[in-house]
Amino acid sequence: MSTWLRHHLFALGSALVHVRRAPGSFLFNILVVAIALALPFMGVTLLDNVRPMSEQMAVEPELSVFIKADTPREQATGLASSLRSIAPTAKIIFTSREKALEQLNAKSGLSDVVATLGENPLPDSYVVKLNAFQNAAEGSKIDSIADQMRALPGVESVQVDSAWVKRLAALLGILRLALLLLAATLATVVVAVVFNTIRLQVMTQREEILVSKLIGASDSFIHRPFYYTGALLGLCAGGVALGGVALALQPLNRAIADFARLYASEFQLAPLDPMATAGLLALSASLGLVGALLCVQRHLSRLN
Amino acid sequence: MIEFQHVSKQYSPDGVALRDISFTIAKGELVYLAGPSGAGKSTLLKMIAAMERPTSGKVLVNGQDIGALKRAGIPFLRRNLGLIFQEQRLLNDRTVLANVMMPLLVTGSPRSAAEQRARAALDKVGLLDRADAQPLALSGGEQQRVSIARAIVNRPQIILADEPTANLDRASASKVIDALHAFHSVGVTCLISSHDEQILDAAARVIHLERGELMKEAA
C-alpha cells in the first residue's frame, strides 16, 4: 500500500474515531446541516419535475390570425400563401366565419344569443401552428412572426395563443433565480455550521495536535482528518436531506393527485434521478469540505 | 552535530531569554544543561527543535540552520529528534502502545510495523507489559519512560530532554536517566536539562546557564 493511501486511510480512520467519541454532537450537526440543505433540495426536485412540463407545452405554440370583416373570401383564402412565406414549416388551417359560428354554437351553447345578433359577427381566420421551437426559451421568436403577419393587408389582428407558455417560462426563470439565491444563502449556513463543528473539534484535540507537531507530523497529516470530518458531515447531511425530501413527496403527491385529477392529469412529483442525487451528495460533501478548509486555515495554522 | 553561534533570544525589550550563547556538541555526546528555573534551558532546547527561532545568531543541527528552516521542513527535522518533556505530554485517550506508535504513524509506517517497533521501544524502557494500559494508570516515572519510548521509537539521531526527572522520586529518576544513558551508549546524541545535583555530578559534560547567559562549562 502506498504511503499516500495509508495517510488517507489513517486520516479517515481518525475522523471516524473522533465521530464515534461524540456521536450525539455529530448527529445533531448533521441534523442542522440537513435542515439547511433540505429546502434547496426540495426546490431542485420541484423544478426538475416542472421543467419537462413547460418544455412539452412549448412544442406547438399557436397564432390566431383574424381577417378584416370586409375582406372578400378570395383575398382571405389567398392570404395562406403569404402566411406560409412567413412561417414555412407551420401548419396553417383556414377557418371560415361560417364554420367558426358553427363551432361557437356547438361548443358554448350560445346559439340563442348568437341568433339575436341577426348576422354572423365572426371574421374569417387562420390558425398557424408553429413547430420549430424546441423549448419555451425560444418563445421570443413568435413575436417577430406575429408582427410580420399583422403587417399583411387584410389582417385585422393576430393573437399569440402561446403567450402563457412564455409567462410560465419566465416564471420558472424567476423561480430558478430565487432558488439559486436561496441555495447560496443556505450553502453559507452549511459552511458556517461545519466551520464551527471543526473549530470545536480543533479545540478538543488541541493537545493531540500539538503533540503530533512535536513528533514530526506534517501540516497536511494534521489537517487531513478534519477535512474528512467536514466532508463526512456534509455527505451525511446531504443524504438525510435527500431522504427527507423523498419522504415529503409522499403526502405532497397525495395532495397533487387530487388537484391534478380535476385537470384529467396524472401528474406526480418524482424523486431526483440517481445522477442528480449523486451530484447533490457530492455538492453537500464539497460544502462540508469547504467549511473544514476554511476552519483549518483559520485555526490550525495558529497552533505551533 | 549541534552548534550554537552567538545565539540570543529576546521575547520583549525586558525579556531576554538567551544572550550570546555559543557552544558545540559533537555526534554521540551526552551533555547536560544546568541552571536554575528561568535560566533559559527550555528556550535553548526549543530552538534546536525549531519551536523557537533565535532573535540573532545561528543554531545549526547537522549543519542545517534551524532559524532559516521553512515551515514545511520542520516536521522532517523533528523526525530526527527525540523530544522528552517534564510533563510527559502523553495522550490520555489512547493506550501506552498507541502513544508510542504515533511518531511512526505520522511518517506513514504501516500499522503492523509501527506496532512491532513500538513494542520493542517499550521493551527497552522496561514497560512492555504495560503496553495496553492507559497512561493515567501509570506512575509518573513510568509515564516518563513511555515518553522516552515514544522519543526513541523513530531511532532519532538526537534526544532532547527537558527536565525529564523533575517530578519524579529518586528511584524513578534513576530509571529514566539509566534509560537515556543506554541510548547514548549506542551512539545517540543526548542533551538533557536538569537541576538535579546528583545527576549533574556524575555527568561527563555540563553547560551551565544563568539568566540566559552561558556561565561555565564543566567537563
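## A strand residue in chain B

B:Asp20 lies in strand S2 (residues 15-25) of chain B, where a strand is a DSSP run of E with at least two residues, a helix is a run of H or I with at least four, and both are numbered from the N terminus. The model is predicted, so local features need pLDDT of at least 70 and side-chain atom pairs count only at pLDDT 80 or more, while totals for chains, interfaces and linings use all residues. Residues are numbered from 1 along each chain as its sequence is written, and chains are lettered from A and ligands numbered from 1 in the order in which they are written.

B:Asp20 counts as partly exposed because it has 14 C-beta neighbours inside 10 Å. Under this scheme a residue is buried if 20 or more other C-beta atoms lie within 10 Å of its own, exposed if 12 or fewer, and partly exposed in between, with C-beta atoms placed from the backbone.

## Positive phi angles

Most residues other than glycine have a negative phi. B:Asp20 is not a glycine, yet its phi is positive, at about 50 degrees. B:Asn62, also a residue other than glycine, has a positive phi near 55 degrees.

B:Asn62 is found in the loop between strand S4 (56-61) and strand S5 (64-65) of chain B. B:Asn62 counts as exposed because it has 12 C-beta neighbours inside 10 Å.

## Two packed helices in chain B

Two packed helices are described by the angle between their axes and the distance between the axes. In chain B, helix H3 (residues 96-105) packs with helix H5 (residues 140-152) at an angle of about 30 degrees, and their axes are 7 Å apart. H3(B) is therefore roughly parallel to H5(B), a term for angles under 35 degrees, whereas over 145 counts as roughly antiparallel, 65 to 115 as roughly perpendicular and the rest as oblique. The axes are lines fitted to C-alpha atoms, for helices over the stretch in contact, and angles run from 0 to 180 degrees between N-to-C directions.

From H3(B), the residues B:Val96, B:Asn99, B:Val100, B:Met102 and B:Pro103 meet B:Val146, B:Ala149 and B:Arg150 of H5(B); two residues are in contact if their C-beta atoms, placed from the backbone, lie within 7 Å. The residues of this contact comprise six nonpolar, one polar and one charged. Here Ala, Val, Leu, Ile, Met, Phe, Trp, Tyr, Cys and Pro count as nonpolar, Asp, Glu, Lys and Arg as charged, and the others, Gly among them, as polar.

## Where the chains meet

The contact involves 14 residues from chain A and 13 residues from chain B. On the side of chain B that touches chain A, helix H2 (74-78) and H3 each supply at least two residues. H3(B) gives the largest share of that side, three residues. The residues on this side of chain B are eight nonpolar, two polar and three charged.

## The make-up of chain A

Chain A contains ten helices and four strands. Of its 304 residues, 29% are buried. Among contacts in chain A between residues at least 6 apart in sequence, 85% join residues at least 24 apart.

Chain A is divided into domain 1 (3-56 + 167-302) and domain 2 (59-161), with bounds that come from an automatic or database domain assignment. The centres of these two domains, taken over C-alpha atoms, are separated by 53 Å.

A:Val32 belongs to helix H2 (residues 23-57) of chain A. A:Val32 is partly exposed, with 18 other C-beta atoms within 10 Å. The C-alpha atom of A:Val32 is 8.3 Å from that of A:Val190, although these residues are 158 residues apart along the chain.
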